[in-house]
Amino acid sequence: MKILNQEINSISFDDVVASCQEKQPEGIELDYKKDFPDKDLSRLIAAFSNTRGGLIIIGVTEDKQTGFPSSWDGISDDAGLIEKTNQLALAVSPLPDFKVRKTDEKNGKVFILIKVYEGDATPYFVKNDSNVWTRTGNIRNLVDIASPEWLDLLYRKRDRSEKARRNYITIADEVFKHGLALEEKLRIRLVEEAKLKGDGSENNYYLKKLGTDTEIFTITILPNYPRSAKVTPRDILENANIFRCTTDFTEFPKQNLRPIPDGVMATSHSFRGDIGCNQIYATGLLYNCFDVLAQNRETGKSVIYISHIIGGLFTTLKSAKLFYNYIGYQGVLKINLTLNLNSKDVNFYRLTGNDPFHWNAEEQALLPNYTWEFTLNTAELNDINEAFGKFFEMVDEIHWNLGFKTVSVELVKDFMKKNRLVF
C-alpha cells in the first residue's frame, strides 16, 4: 500500500517496480494497465472519482484471475500520452480532480501514473454514456455500473460533504469567539494588575475591548470530505514544529497551542489590540484568522494592505502543505477566505512593488463582508510551479474583488522574493 500513500510527484520507476515485486494486487484504489487504455480511460477516471479515488499505473500487466501484477516492463516514452489523458478526462462531467505524470525513464521505458482524487461533486458521468461507473472489490470486474442504492448514495454524498465542511467551519468560528472572550479576560486582568503598580504601565496595554478596532481575515483549509480523523489531537500538539511555518507576516500555527475537543488551538492579542486565532483539527481542518487593520502613515486613514492578507495566506498554505504531508492525506482541499469589516470606512491598498507613484493604489471598501472559495489538491501544493499558479489565482481574485483590475505575475513573484516566501 506504500505506493498509494506516496505523492504522485515522488513516485519513481523503481518505486513502481518495488511495489509490483511486493505483489500489490489491483483493488478499489489501484488499477494496472499494460497499454494505454484509449477506450476505457474516461470510464475508469469517473469510477475512481465516484468511489474512493486511486492510482492508475500504465505499463504493468495484471493476472486476470488474481489481480496481482505479472510483469512490469513499462511502456515506451511518449509525451503525447499525457495530453491524451487530459483530453479523455474532459469527457467526464463534472470535471474530475486528477493528476497525471510519467516516471523517470529506465531503458527507454516509463510508467504513466494517473492519480484520481475522490470527488465530492458525485456522481461523475462519462459524456454520451447514461451509466454511472464505480469501483468494486471484485477482481474480475473492478469497474461496474452503480446500483440504485449506490447511485442514491453518490447523490447524497455531495450534500453530506458540503454540510460536513460547513459544520466544521461553524464550530471553529464558535471556538474563535470563545477564545476571544478568554483573551479579553486576560487583557482586563493584565490592565488591572498594571494599574495597581501606580506607575502608568497600564498604558502599555490595549485599553479598549478586544475586537473594537479590528478587521478580521479568516482562512479555512480542509479536505473535501472531512468525515473521519486523520491524526490524533495529541500528535498535532506534540509535532506542530514539523508543519509550523514562520514568515515576516505571521506564524502558523502559533507556539502556544493547547488542547480543545478534536484538535488544538491558540489565541493571541497584542498591546495594539490585534487579535488572532489558530485552530487545527484531527479531521484535517486548518483555521487561521488574524487582524489586518492598519493605519496609513501618510494620511492616518484606516487601511488594509493586501500584502498583509496574502502574506498570511501564503504562510497558511505553506503550513497546510507540510501538515497534509505529515498526516498522509492526499486529495482535494477546499479553501474558504473571508474578510469581515466592522466599518466600510476603510481603504484597501494593493500590491505596488517598485512603482514609485502608486497610481490607483487605494480603493474604498464597498461591502461589509468579502468571501472567496477555491479548490486545489495536495499534489498541486507539493509542486512548486503549480502551487505558485494557485497562489497567484487567489491573489489576483482578491485584488479584483477589492476593486483593483489586475495584478501581474511579475509583481507577485517580486513580492514573494522580497519576503522570502518559497513553497
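Analyst: A crossing is called left-handed if the near helix is turned anticlockwise from the far one by less than a right angle, and right-handed if it is turned clockwise. In this predicted model, the crossing of helix 8 and helix 10 is right-handed.

User: At what angle do helix 8 and helix 10 pack, and how far apart are their axes?

Analyst: Helix 8 (residues 306-327) and helix 10 (residues 384-401) pack at an angle of about 150°, and their axes lie 11 Å apart. Because angles over 145 degrees count as roughly antiparallel, helix 8 is roughly antiparallel to helix 10.

User: Which residues meet where helix 8 and helix 10 are in contact?

Analyst: From helix 8 come Ile306, Ile309, Ile310, Leu313, Phe314 and Leu317, which meet Phe391, Met394, Val395, Ile398 and His399 of helix 10. By class, this contact has 10 nonpolar residues, 1 polar residue and no charged ones. As a general idea, an α-helix has 3.6 residues a turn, so residues three or four places apart point the same way.

User: Which residues of helix 10 are buried, and what do they pack against?

Analyst: The buried residues of helix 10 are Ala387, Phe388, Lys390, Phe391, Phe392, Met394, Val395, Ile398 and His399. Besides helix 8, these buried residues pack against strand 22 (332-341), strand 25 (369-377), helix 9 (378-381) and helix 11 (409-418).

User: What span should the 18 residues of helix 10 have?

Analyst: At 1.5 Å a residue, helix 10 should span 26 Å, and its end C-alpha atoms are 26 Å apart, which agrees.

Terms used. Residues are numbered from 1 along each chain as its sequence is written. This is a predicted model: local features need pLDDT of at least 70, side-chain atom pairs count only at pLDDT 80 or more; totals for chains, interfaces and linings use all residues. Side-chain values use heavy atoms; hydrogens and water are left out. Axes are lines fitted to C-alpha atoms, for helices over the stretch in contact, and angles run from 0 to 180 degrees between N-to-C directions. Helices (H or I, at least four residues) and strands (E, at least two) are DSSP runs, numbered from the N terminus. Angles under 35 degrees count as roughly parallel, over 145 as roughly antiparallel, 65 to 115 as roughly perpendicular and the rest as oblique. Contact means heavy atoms within 4.5 Å. Ala, Val, Leu, Ile, Met, Phe, Trp, Tyr, Cys and Pro count as nonpolar, Asp, Glu, Lys and Arg as charged, and the others, Gly among them, as polar. The expected span of a helix is 1.5 Å times one less than its number of residues. Buried means under 20% relative accessible area, exposed over 50%, partly exposed in between (1.4 Å probe, protein chains only).
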